[in-house]
Amino acid sequence: METIAQSLEKILNDLQTVGGVELSAIVSRQGLLMVSKDTGGGINSEAFAALTATLYISAESTTVRLSGQRPKSIIVETEDKHLITYTAGPDALIVVQVGHEGYIGLVLNELKKAAEKVKQII
């Protein structure tokens, strides 16, 4: 029988096959790391989880005050990377870092599918 962590790792493995995804993680809304995959190396996964959850909570607070709605995703764009945080049910977030060669539309489509799978597991 497969554990929850193994099931979540399979979801991240599928995300890693999407072109340009350099890092992926599933984190709790409180910022605790559940699972992560880093193809580039050199990043502290626990700190990454905490920082991305904080980013999401801040953006959520802002959008709720402005529009009364919660965001499905948050995208932060730099010169050569995109950081995408996507909700995966009431308790989890999926976070990916996409390099400049990645296709954001394709990544968002795959994140939507992955989020549905995470919701079923957690």
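1. In what order do the five strands of the open sheet stand, and is the pairing parallel or antiparallel? The order is 2-1-5-4-3, and the pairing is antiparallel. Strands here are DSSP runs of E with at least two residues, helices are runs of H or I with at least four residues, and both are numbered from the N terminus. Two strands count as paired if DSSP finds at least two bridges between them.

2. A note on the source: this is a predicted model, in which local features need pLDDT of at least 70 and side-chain atom pairs count only at pLDDT 80 or more, while totals for chains, interfaces and linings use all residues. Residues are numbered from 1 along each chain as its sequence is written, and side-chain values use heavy atoms, with hydrogens and water left out.

3. The edges of the sheet are strand 2 (33–38) and strand 3 (73–77), each of which pairs on one side only. On average, neighbouring strands are turned by 10 degrees against each other, direction ignored. Axes are lines fitted to C-alpha atoms, for helices over the stretch in contact, and angles between N-to-C directions run from 0 to 180 degrees.

4. Strand 5 is joined to strand 1 by seven bridges, the two running antiparallel. Within this pairing, S24 stands opposite V96, and S28 has A92 as its bridge partner. Strand 4 also pairs with strand 5 in the antiparallel sense, over seven bridges, and there V96 is the bridge partner of I84.

5. Eight of its eight residues are buried, so strand 5 is largely enclosed by the rest of the structure. Buried means under 20% relative accessible area, exposed means over 50%, and partly exposed lies in between (1.4 Å probe, protein chains only). In a regular strand the side chains alternate between the two faces of the sheet. In strand 5 both faces are covered: A92, I94, V96 and V98 are buried on one side, and L93, V95, Q97 and G99 on the other.

6. Strand 1 and strand 2 are joined by five bridges, running antiparallel, and I26 has V35 as its bridge partner in strand 2. Four residues lie between these two strands, and G31 in the turn has a positive phi of about 95 degrees. The hairpin of strand 4 and strand 5 also has four residues between its strands, with G89 in the turn at a positive phi of about 90 degrees.

7. Helix 2 (residues 45–67) lies across strand 1, strand 2, strand 3, strand 4 and strand 5, at about 70 degrees to strand 4. Helix 3 packs on the sheet, touching strand 1, strand 3, strand 4 and strand 5, and its direction makes about 30 degrees with that of strand 4. Contact means heavy atoms within 4.5 Å.

8. Helix 1 and helix 3 pack at about 175 degrees, with their axes 10 Å apart. They are therefore roughly antiparallel to each other, a term used for angles over 145 degrees. The contact is made by I4, S7, L8, I11, D14 and L15 of helix 1 and E110, L111, A114, K117, V118 and I121 of helix 3.

9. The largest nonpolar core has 20 residues, of which L15, I26, I94, V96, V107, L111 and V118 touch the most other members. Such a core is a set of buried Ala, Val, Leu, Ile, Met, Phe, Trp, Tyr and Cys residues joined through side-chain atoms within 4.5 Å. At least two residues each come from helix 1 (4–16), strand 1 (21–28), strand 4 (81–87), strand 5 (92–99) and helix 3 (104–121). Helix 3 gives the largest share, five residues. Apart from this core lies another, of twelve residues, among them F48, Y56, L83 and L93.

10. Two single residues are worth a look. T87, in strand 4, counts as buried at 15% relative accessibility. Beyond four places in sequence, T87 touches R29, Y56, P71, K72, A92, L93 and A115. D38, in strand 2, is partly exposed, with a relative accessible area of 31%. The C-alpha atoms of D38 and L23 are separated by 4.4 Å, although the two are 15 residues apart along the chain.

Definitions and conventions. Angles under 35 degrees count as roughly parallel, over 145 as roughly antiparallel, 65 to 115 as roughly perpendicular and the rest as oblique.
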